[in-house]
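Reader: Before we discuss any labels, could you show me the sequence and the structure?
Author: Here they are.

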Amino acid sequence: MGYHKRLRIVSGILKDKGSFIKTTLSTKRHKASARRVILRATTHGSFVPPSDHRIAAVIGLGHGSRFTACTCIQAVMDRLHRTKDSSVALKCLYTIHNIINKGSFILKDQLAVYPSSGGRNFLNLSTFRDDSDSETCEMSAWVRWYAGILEQNLMVSRILGYHLNSPRSKNEIIGFLNSDLLKELDVLVNFADHLGNVPADSLYLQRESLVHEIVRLVSEDYRSVQREIFVRVTELGARMVSLSWSECTEFLSCINRFEGCKDRIAVLLVNRNRNDDLWGLIKETKANLVAAIEKKENEGKMVVVATADNESNKLTRFSQLFRLAPSGRWVEF
């Protein structure tokens, strides 16, 4: 271990101790207690995920009052936004991910508040950078990518109306409007698109147990996304005859975007979550959509020609019945 890395770890340990002392001296006991739980789960130092009992302690804060749950989310967001340490940032994001997957309704509800409404879940880490050394610089790219994944996760939940780990019955979407299904498909493809933007130049960092665990959780989310995409592509495919031209083109655009993610995602997940059935459906649906769009375009041209011929016939018939008099008025023959 290099000198600078040892110095960074020691400095981080001292910062954590200082934060613990600060919470101990705080007169706001409930808030201080929640902050200590978050501090224990997101310590400085190595890139090792928080232990199961640390995560369980965080999740446990959601089984009390709404005030306690709110304090928990506030504490983890404050910790995330104030740190410049990549290990702390990744542990905060990992903690948030576990809240999304395992947290109580109250905890998830605090995360579900959309940023434009003043919610504290606006991660906004697109410019995060830890320049402590070369490793932390590369880890910073994982912080930015992971934050984007969680933002997409929350957006999917907001549009679908439920979290990815609690899927809706397939029968429930049958009554949905085409526009609703297309909107949901679009946000699901957005998730896949961001997943494919993984820091490909530093995939070797999966040797770090924290990054490895993060990829495992994201892989599970992607499996759920694939399932939701399959359901919507199947339903929209069954409605293809009734889809308008604009709906067909929007549907095709989503499918093309999703296909464009495939190879980029494979770089990260390799042979995991291949889902040959889904890609077979995508290929078949795309071919049917292209044919449907061409048919609708040809039908549209025929309508235009028919309308033009009809107008021409009307004009010819009019000229046979009337003539233009010297006075400038039309009169019957």
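**Arg66 and its setting**

Author: Among contacts in the protein between residues at least 6 apart in sequence, 77% join residues at least 24 apart, where contact means heavy atoms within 4.5 Å. This is a predicted model, in which local features need pLDDT of at least 70 and side-chain atom pairs count only at pLDDT 80 or more, while totals for chains, interfaces and linings use all residues. Residues are numbered from 1 along each chain as its sequence is written, and side-chain values use heavy atoms, with hydrogens and water left out.

Reader: Why is Arg66 called partly exposed?
Author: The relative accessible area of Arg66 is 42%, and buried means under 20%, exposed over 50%, and partly exposed in between (1.4 Å probe, protein chains only); Arg66 is therefore partly exposed. Of the 333 residues in the protein, 45% are buried.

Reader: Which residues does Arg66 touch, not counting residues up to four places away in sequence?
Author: With those left out, Arg66 touches Ile106, Asp109 and Gln110. The C-alpha atoms of Arg66 and Gln110, 44 residues apart along the chain, are separated by 8.9 Å.

Reader: What makes the pairing of the Arg66 and Asp109 side chains a polar contact?
Author: The two side chains make their polar contact at 2.9 Å, and the term requires a pair of N or O atoms within 3.5 Å, of which, within protein, one must be able to donate a hydrogen and the other to accept it; the pair therefore qualifies.
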